[in-house]
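Colleague: I would like a close look at one part of this model, the place where the two chains meet. Please take me through it in plain terms.

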Amino acid sequence: MMRQVVERSILRLAGTHVVHGRWGPTPSAFGSGLSLAAARLAALACRGRGRFSRPAGARLRLSAALLAAVLAWAASARTSSAQSAEELLVSRAEIGHQGGQLVVNQRAEPKTLNPITAVDSVSREVIRCTIADLIHINRDTQRTEPALAKAWTVSSDGRRYVLTLRRGLRFSDGHPFDADDVLFSFRVYLDEKVRSPQRDLLIVGGQPIGVRKVDQYAVQFDLAEPYAAAERIFDSVAILPRHLLEQLYTEGRLAETWGLGTAAAQIAGLGPFRFKEYVPGDRIVLERNPYYWKGDRAGNRLPYLDRLAFQFVASEDAQAMRFQTGEADIASRLNAETFSVLAKAEQTRSYKLFDLGPGLDYSFLFFNLNDLDSKALPETSRKQSWFRQVSFRQAVSAAIDREAIVRLVYRGRATPLWGHVPPGNKLWINRSIAQPGRSLERARRLLQTAGFSWKPDGTLVDGRGNAVEFSIVTNAGNGERSQMATIIQDDLKQLGMSVHVVTLELRALLDRLTGTHDYEACVLGLGGGDADPNAELNVWLSSGGTHLWNPEQAQPATPWEAEIDTLMRRQLTTLSNSARKRLYDRVQELVAQNVPFIFLVSPNVLVGAHSGLGNFRPAVLDHHTLWDVEELFWREKRSSATP
Amino acid sequence: MSLPGSNVGNLRNVRTSLSLLGLLYASVLLAGLLAPYDPTEQNRDMPFAPPSRLHFAEPRGTFRLRPFVYRVVSKPGSFGEYAEERGTTYPMRFLVRGAPYRIAGILSCTRHLFGFDEPAKVFLFGSDEYGRDVFSRLLYGGQISLVAGLLAASLALGLGTILGGLAGFYGGWADEICMRVAELFLALPWLYLLLAVRATLPLHIDPVQAFLFLVVVIGMVGWARPARLIRGIVLSGKLREHVLAARAFGASDSYLLRRHVLPQAAGVVFAQLAVLIPQYILAEVTLSFFGLGVGEPVPSWGNMLAAAQRYDVLTSYWWMFLPGIALSPVFLLYYTLANALHQQTARLTS
């Protein structure tokens, strides 16, 4: 548990380029259905704030269409006439044609192809294309939809789920799939000895999920307590081939299996692609899975692409150049500067860029509020008498020029933030959170009420006459964060505060944040893989490892942290979606009032793709560009030759 | 005109490069006076403004001896695109009052050599991503980079000469100790050592401390390589016949080292100096990455160059490379100086 918490925080803290490394679903809910979403989308469209690549109305129609498709499936479980024994899922996407290869940049080599033990985001991005889950979160609609399970029922107390599996499916090596594979998979994930990162997510109310086979094509899951929209747990939990792995599992050799050196024939999954070859230092190639369980409306089997190649390009600039010259077909998570360079040449090149608007990432400044040993860190603990004052934090927040950050750091491709739910999270954001503009006036008033005053030369001093001086740390190598820190430094200089920016290498920074607590203030970013509040539990529970300003508290240090704890725990077991929303709205209010994090901005999700790529529908949830890889196709014939 | 390599030409080379270097150091020292703005002043509505154009001719054709500028404003809805407002002219004024500064950390002053009336801004070398004046930053940045590079190289070479000289001259256990320590220094994983050093230091180090720290760290890391070179030269030099003869006449060790052996290494030392100074100016960038160098917003050539190493800057804002272009005459001057001095000493010792 601990190990996992730490690893997760590392992944999440590592910057926008690592943050997306979600290695497993976080349970969550969107149960209340279309009405809320529709209302929000309509509101967005009316106010003209929607920054979608497509008009909001189209998105709305699409959601409705998808939902309709899903319902149709649950009701009739139509099967393709061509494969009568196989219950294929029929994709509603544009009908394409087969062939061609897609080349994607990858910033590092994957470490493993093993979905059970992979923790790094790079490996998981590759593995994601080779696996399938029982219930899947549609990255576009942000809702759950049937995958390997064609339908499911929930008991009235919300504790029992019965999933009906598709019949006649085969793994990518041709071996048939049934409930025994599901049972085996969950046995593996829940086995403590295997140490799978997914295990934590499959524990509800302190107990592992109970898994029972009903028949060859139905599995029953029992939860220890009601859990808000528990079907989201199943997203990205790969179903494993029992015929290949059971022997290894009983011998206790699961952890080492499916490394990069494994022969392609020994790896199988239910995903759209299967492993073909790995060229060290150069690329990893996946090929089309001929047994994939989705088809299109014309009766063709998906995926359309013959091959998917991940080429390893370490630097972001080099990735951008490869994309610009057409050596890579998709660019994910571009930064605003690169995006602007690529946009200049967009007219003359054969690619299209997409600004998807604010995503789920948010960046913030926070002060060290840990319970410090005043002997070990006398300076910092003295300064904590400022940091602990809400009005001091509010004053800092009021003095920060968020618009300048948006303009200078993100070239306008970001949204200023005052609360922790970014506008990209359309269903959960509390829109009544106040968004006061920058005001040095108000900041000065707040400081005055807190007992601060100014010396004749403009230096801010506290009640005891000490000059206000502190340092902001951030991780070196993330240009955006150090730029934000530099802007904040200049903003606070105008209040008479002397602020220093210190950049540290990421590991050293994390060690200070979660280990020694030897820092004063820090600029950092977080980003969830899922839009649901449960994905943020680790941040807002006072016992959480990512409760950054004061992590892993035994008892909540302040009354408002205690209230947030209660609210977060209550929403976890509340099944009604609107009730959950009310609880989470209150959490957002408490956070905004007490400013443990001083929120800065939420960067837009910026991606690009070759203009000849069909069905390219980037989403703000990760994986932004490859989530519908099985539906992507080339509008014109291309050679499938390896580059 | 004199033949290259001749005595007169050499002396002239030494003199020119010395005086040019002197001028450079003086202008960097007087950065406050020469720079029109405070190097940390941000103009947030003018990021990446191109170098300002100084005008002499008015639109109607009248020529003015005193240069003037137009106010530059960013085009609405764009980033980094600017246009001149041709309505009002802003003439250059001399010895204007502006941001307060100190010369050499002592003399407090507010006069700047030249300036323009607000709201016109003049960025002779353009502005950076925060709208800070690159020209002012270049001058201030030189204070750190030029001096730190020189001092660190001197420290490394000084240590290297002393230890390498002793090792080569005395041999035996002195040699063993010096050379084994040098090997240790060469073999140390500096990256991790620097991380460890960073962890023991307080988070914020003030610029003067950071500066001294830079010099000491770079100097300490760098002495081993020149020490090995110099040891080799001393080792062969001490067996030369004129050295042996001097010894036979009863010359002391220190006299021999000073008069006969070390001068033979002078060429290597100067060549090393010319190589090491630029290297050490750049080393500061690496140290800044570990939070050991000079941090924002204090300018240095190192962190200015680091800011230019981005795809968008590379393709769009050429003036961000001016610190790099500024470095090349500096290196050239050092190289010429080292070369001339080398020939001079070679003539003296031969």
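Colleague: To begin with, how many helices and strands does the secondary structure of chain A come to? After that, please go on to the side of chain A that touches chain B.

Modeller: This is a predicted model, so read what follows as computed from it. Chain A has 18 helices and 27 strands. Of its 643 residues, 50% count as buried. Chain B has twelve helices and five strands, and buried residues make up 39% of its 350 residues. Along the principal axes, the C-alpha atoms of chain B fill a box of roughly 85 × 55 × 40 Å.

Now the contact itself. Chain A gives 27 residues to it, and chain B gives 22 residues. On the side of chain A that touches chain B, several elements supply at least two residues each. The helices among them are α8 (316-325), α9 (336-344), α12 (402-409) and α14 (479-493). The strands are β21 (469-475) and β22 (498-504). By residue type, this side of chain A divides into eleven nonpolar, ten polar and six charged residues.

Definitions and conventions
Residues numbered from 1 in each chain as written. Chains lettered and ligands numbered in written order. Predicted model: local features only at pLDDT ≥ 70, side-chain atom pairs only at ≥ 80, totals over all residues. Contact = placed C-beta atoms within 7 Å. Helix = DSSP H or I, 4+ residues; strand = E, 2+ residues; numbered from the N terminus. Nonpolar A, V, L, I, M, F, W, Y, C, P; charged D, E, K, R; others polar. Buried ≥ 20, exposed ≤ 12 C-beta atoms within 10 Å, placed from the backbone.
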